[in-house]
Amino acid sequence: MATSEMMKPATDWLAAGSELDHYWSSDIVAELSSFGLIAVEGPDARTFLASLFTGDVRLISPEQGQFTSWCDGKGRIMTTFWLFMRNDTFYLLLPKSLLP
């Protein structure tokens, strides 16, 4: 395959709309065995998490999660992760290598 054939403009990728629409509107299966969860619960969980992460934890609900990050005291990103909620418990989806 020639180099010019391998390098397609971004508009070709974006033109795949119907295929992408299918993935956004249906269930998918993903291999996540390299990830683990940290659960945070209790009456002050939302306030506690809001003080630690860059995202707006007020927006987290059982229907909506968010990709956010945790920064050190100088504002440098230590890690990024997916934060979501089920029932009254918040979950941080992190690589297993970062779990305690």
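Visitor: Which residue in strand 4 is the bridge partner of Phe 84?

Guide: Tyr 91 in strand 4 is the bridge partner of Phe 84. This is a predicted model, in which local features need pLDDT of at least 70 and side-chain atom pairs count only at pLDDT 80 or more, while totals for chains, interfaces and linings use all residues. Residues are numbered from 1 along each chain as its sequence is written, and side-chain values use heavy atoms, with hydrogens and water left out.

Visitor: What makes strand 3 and strand 4 a pair?

Guide: Two strands pair if DSSP finds at least two bridges between them. Strand 3 (residues 77–86) and strand 4 have five bridges, in the antiparallel sense, so they meet that condition. The strands themselves are DSSP runs of E with at least two residues, helices are runs of H or I with at least four, and both are numbered from the N terminus.

Visitor: How many bridges join strand 2 to strand 3?

Guide: Six bridges join these two antiparallel strands.

Visitor: Why is the pair of Phe 53 and Phe 81 called edge-to-face?

Guide: Rings of Phe, Tyr and Trp (its six-membered ring) pair if their centres lie within 6.5 Å; planes under 30 degrees apart are stacked, over 60 edge-to-face, and the rest tilted. The two ring centres are 4.8 Å apart and the planes stand at 70°, so this pair is edge-to-face. It links distant parts of the chain, 28 residues apart: Phe 53 is in the loop between helix 4 (45–50) and strand 2, and Phe 81 is in strand 3.

Visitor: What makes the aromatic pair of Phe 84 and Tyr 91 stacked?

Guide: Phe 84 and Tyr 91 have 5.4 Å from centre to centre and 25° between the planes, which is under the limit for stacking. The whole structure holds two aromatic pairs.

Visitor: Why does Tyr 91 count as partly exposed?

Guide: Buried means under 20% relative accessible area, exposed means over 50%, and partly exposed lies in between (1.4 Å probe, protein chains only). Tyr 91 has 22%, so it counts as partly exposed. Phe 84, at 16%, is buried. Asn 87, at 66%, is exposed.

Visitor: Where is Asn 87?

Guide: Asn 87 is in the loop between strand 3 and strand 4. These strands form a hairpin with two residues between them, and Asn 87 has a positive phi of about 55° although it is not a glycine. In the hairpin of strand 2 and strand 3, with five residues between the strands, Gly 75 takes a positive phi near 85°.

Visitor: How do you know that Thr 89 makes a polar contact with Glu 41?

Guide: A polar contact is a pair of N or O atoms within 3.5 Å; within protein, one must be able to donate a hydrogen and the other to accept it, and residues adjacent in sequence count only if both atoms are side-chain atoms. The side chains of Thr 89 and Glu 41 make such a contact at 3.1 Å. Thr 89, in strand 4 (residues 89–95), counts as buried at 10% relative accessibility.

Visitor: Which residues make up the largest nonpolar core?

Guide: A nonpolar core is a set of buried Ala, Val, Leu, Ile, Met, Phe, Trp, Tyr and Cys residues joined through side-chain atoms within 4.5 Å. The largest one has 12 residues, including Val 40, Phe 53, Ile 60, Phe 81 and Phe 90. Helix 4, strand 3 and strand 4 each give two or more residues to this core. Phe 53 is buried at 10% relative accessibility, and Phe 81 at 2%. In soluble globular proteins, nonpolar side chains tend to be buried together.
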